[in-house]
Amino acid sequence: MDNEVAAGNTASTLGHLALGLTLLAFGLGGTGVIDNVAAADAAGLATWVGGVRAGDKGEGTAYAGLGAFWFTWGTGVGGADSADAAGLFLLLWALLALTLTMASSGSGLFGQGVYGLLFVALLLLGIGALVDNGGLGKAGGWVAALAGLVAWYGATAAVAGWPTSLRRAASAPAAG
């Protein structure tokens, strides 16, 4: 079996599937691309599926932290919080995503990449809320949706046995 393909039978795979689904729902809702669907509509999925993750060491920290984010976000949707409070909330959680990005160095596109995209998404969403800029919010939604697709693909690749890294093609020998 190729060393670059995970076995697909770990709690990490389930966690990445859950992360992918919640980020995809959250991101697509934030883009406004589907009529009458907003990021707030992902609250149920975020609350119940987003916190269903397990892991150890770094992944345990990531899953527990992100589960807390999704649960807090999911149960706080529709509250009387101001846009400034929502912006601050998103920026504070962006710090967690930044920490996860730095802590997952060396894990490749499907580890560090997902957390990096989540950081950018939360940063854009938080700043957008603070300055009342819907364009930044939509951009953050698209980045979150992309992060969700990357997480989903990474977990699906692990289950299906697909490669999860890109390899450079061997260079052809120079003509003599």
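Asp 132 sits in the loop between H5 and H6, where helices are DSSP runs of H or I with at least four residues, numbered from the N terminus. This is a predicted model, so local features need pLDDT of at least 70 and side-chain atom pairs count only at pLDDT 80 or more, while totals for chains, interfaces and linings use all residues. Residues are numbered from 1 along each chain as its sequence is written, and side-chain values use heavy atoms, leaving out hydrogens and water.

Asp 132 isn't a glycine, yet it has a positive phi of about 55°. With a relative accessible area of 71%, Asp 132 is exposed (over 50%; buried is under 20%, partly exposed in between, with a 1.4 Å probe and protein chains only). Asn 36, in the loop between H1 and H2, is another non-glycine with a positive phi, about 60°, and it counts as exposed at 81% relative accessibility.

Finally, follow H4 (residues 83-103) to Thr 101. Thr 101 counts as buried at 14% relative accessibility. Its side chain reaches the backbone nitrogen of Gly 116 at 3.1 Å. Setting aside neighbours within four places in sequence, Thr 101 is in contact (heavy atoms within 4.5 Å) with Gln 112, Tyr 115, Gly 116 and Phe 119.

Conventions. Helix = DSSP H or I, 4+ residues; strand = E, 2+ residues; numbered from the N terminus. Polar contact = N/O pair within 3.5 Å; in protein donor to acceptor, adjacent residues only side chain to side chain.
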